[in-house]
Structures are given as structure tokens and as C-alpha cells.
Amino acid sequence: MSDSTQLAFLWQPVPGGARLLRVYGDTPCPVVPDAIEGIPITELGPYCFSAREYPAVPEARRSGPQALFSHAAAGDFVERITLPGTVKVFHNAAFYNCRRLTELRLGPGAPASLELGSDLFTNCRALERFILDAQPTAPTALKRLVGAVSADVGASFAPNGQETARVFFPEYFEYLDENTPAHIFNHSIEGEGYRMRQCFDGFVMNFEEYDRAFDQALVSETPASLCRIALDRLCRPWALTPEMAESYRAALRSHAQTAAAPLIARQDAGALELLCSFMDSADRAQVARRCGQVGWSEGAALALAHAPRRTKTYDFDDL
């Protein structure tokens, strides 16, 4: 993570705080502080992290080392962004075209009523996860954040940096079909990801309802999506019942190689060890071979460690 003292900012005062217009610095992982010149940062301005700059603001102010203003932490340069919990508003297109952005972190105290503009994450094709510094039982802005992304996206609850729960929301699609003679439009939604994004009691994640949606996901979702849902829940099994844990394990056993492929690609030892713990021997052997092919000896060892030990037996009647 970057040190926020190595950043510079373009901002403007607004009622109750500061609107961040631009972040400058040489790190692709900026950590935005709680305040600028003692004023809490409460808003992200339009196109704040986008390569496209918002038109000049007459009352804009500069803070931070002058030398840093030559390089914006924006567009394809940024990979992870950490925001303070003081931010209450994301204005339109704040992350537009951040094509390499993989994580967005919200600090402690981020309001569940976070106001979101339009086109926030347009073309953020690498976005993998929202990370919230909050307990899984707390009201958070997660419902609004995942509602702003129709593509695959995950989320983690990580109070004080310790991840306690993890979920995955698969992609969904919305269509407007015109009934030409009557000029009536029918709105249809395809994909279980939409229903899973509704699994909240107010702004609190309802894990039981989320898990119940898995039965329908088994019918409509791809094996890759099923594996991501199941692995995220099993890796951090917050409020997970034994029955649902077995349902997730069964899905992973049915698609063992599909589940293992991304873990091998990113060399995720913890998740691979969990997966191998309930794989059958043929799948474990295949995983070990694939790990060997990419030169990941630790992964191969993890797969082989779960293989049943062979013991030599003797028939004393033959002696």
C-alpha cells in the first residue's frame, strides 16, 4: 500500500468537507487520507480517477508536494484504491475507464447510505473485489456498490484488515424487448447475479438468503461462476451452515478442474489446499500435474499431500 503522504491533491471546498477532484503521485495503489488541510474528504468529484479530466473548477485548490502534480493516479495507471470512511458521495464516472483497477477499499465508518452517481465503474473490466473495513453484520454500502456493477465482482468484509467473510456476485444482463405493434417494452433480467445482489436486509448482508440462491444458480450459472461462489463462501465461511457447506463442496467436486485452474494461475495456496481436501484422488493427481507444468512446486505438493497413503499388506497364509 502507498503512504498517503506521498500523494498530492486537487480539491475544492464543499459544505461539510472537501470534494476530491484529482489524486497525483507515482503509486498505482493510492491510499487517500481522511482529510486535506484538516478538512474531511467527503466527496469524489466527477471523473476523479478517470484518465479524462473534469473541466477546470475555479475554486480548486492544490495540496501536497508540487513535484507530484506531473503524474495523475488515474486511468489505466491505478490498480488498487483505498478511500477513507469519511467519503459520502461518489459523483458520476469517478472511476470511468480505470481498466486495471482490481480493488476498491472503503475505510472504517464508510456510510451505508453512500451516494453513487452514474457510470461509476464503466470499463473497469479488471475490477475483482470491493473490500469493506466492517463486520459482516454491520450496515454497509455494499448493496449500492455491487448494484452499480453488472459484471462479475466479489466483496470482502475485513474489519481492521482481517478478512472474515467473502462473497461473489456473478454477472447478469438486462434487456429491453420491444413489442413492435404495441410499442411496449418488456424488461427482462438474465443471470442469478441480480437476485444475489438483492440479498440484504436494508444495508446488512443476508448470508442465509444469499446461500439459498445457490440452488437456482446451479441451474443457470456457468461452472466457473459456481466455483467462485462456492470457494469464496468456503474460504471464509461466515454464518455458513453445515448443509450449505456440503452443497458448495459438492459443486466444487463436480467441477474440480474448473475450480482449480484460476487458483493455479494465481498460485493461491490457501484456496487450493482447501479444494484438494475434498477432491477425489484422480482430480488431485491432475491438479498436481498442472501445478508441475507451470512450475508451481508448492501447489503440486499440496495436492499430493491429500492423497491416501499406500501401505503394504501381507497375507500370512502364503508364508
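Reader: Which residue of E2 stands opposite Leu10?

Author: Opposite Leu10 stands Arg22 in E2. Helices (labelled H or I, at least four residues) and strands (labelled E, at least two) are DSSP runs, numbered from the N terminus. The model is predicted, so local features need pLDDT of at least 70 and side-chain atom pairs count only at pLDDT 80 or more, while totals for chains, interfaces and linings use all residues. Residues are numbered from 1 along each chain as its sequence is written, and side-chain values use heavy atoms, with hydrogens and water left out.

Reader: How do you know that strand E1 and E2 pair, and in which sense?

Author: Two strands are said to pair if DSSP finds at least two bridges between them. Strand E1 (residues 8-14) and E2 have 7 bridges, in the antiparallel sense. Their hairpin leaves 2 residues between the strands, and Gly16 there takes a positive phi near 90 degrees.

Reader: How many bridges join E2 and strand E4, and in which sense do they pair?

Author: E2 and strand E4 (residues 39-44) pair over 3 bridges, in the parallel sense. Across this pairing, Arg19 stands opposite Glu43 in E4.

Reader: Why is strand E2 called mostly covered?

Author: Buried denotes under 20% relative accessible area, exposed over 50%, and partly exposed in between (1.4 Å probe, protein chains only). In E2 (residues 17-24), 8 of its 8 residues are buried.

Reader: Why does His71 count as partly exposed?

Author: The relative accessibility of His71 is 30%, and therefore His71 counts as partly exposed. His71 belongs to the loop between strand E5 (61-63) and strand E6 (80-83). Contact means heavy atoms within 4.5 Å. Beyond its neighbours within four places in sequence, His71 is in contact with Tyr24, Gly25, Asp26 and Phe77.

Reader: What makes Phe207 buried?

Author: Phe207 has a relative accessible area of 5% and is therefore buried. Phe207 lies in helix H3 (residues 207-212). Neighbours within four places aside, its contacts include Pro136, Phe157, Trp238 and Ala239. The C-alpha atoms of Phe207 and Ala239 are 6.7 Å apart, although 32 residues separate them along the chain.

Reader: How many disulfides does the rule count?

Author: A disulfide is a pair of cysteine sulfur atoms within 2.5 Å. The count by this rule is 0 disulfides. For Cys48, the nearest cysteine sulfur is that of Cys98, 9.1 Å away, and Cys48 is in no disulfide. Cys276 is likewise in no disulfide, with the nearest cysteine sulfur, that of Cys291, 7.3 Å away.

Reader: Is Arg129 buried or exposed, and why?

Author: Arg129 has a relative accessible area of 15%, so Arg129 is buried. Arg129 is found in strand E10 (residues 129-132).

Reader: With which side chain does the side chain of Arg129 make a polar contact?

Author: A polar contact is a pair of N or O atoms within 3.5 Å; within protein, one must be able to donate a hydrogen and the other to accept it, and residues adjacent in sequence count only if both atoms are side-chain atoms. The side chains of Arg129 and Asp232 make such a contact at 3.2 Å.
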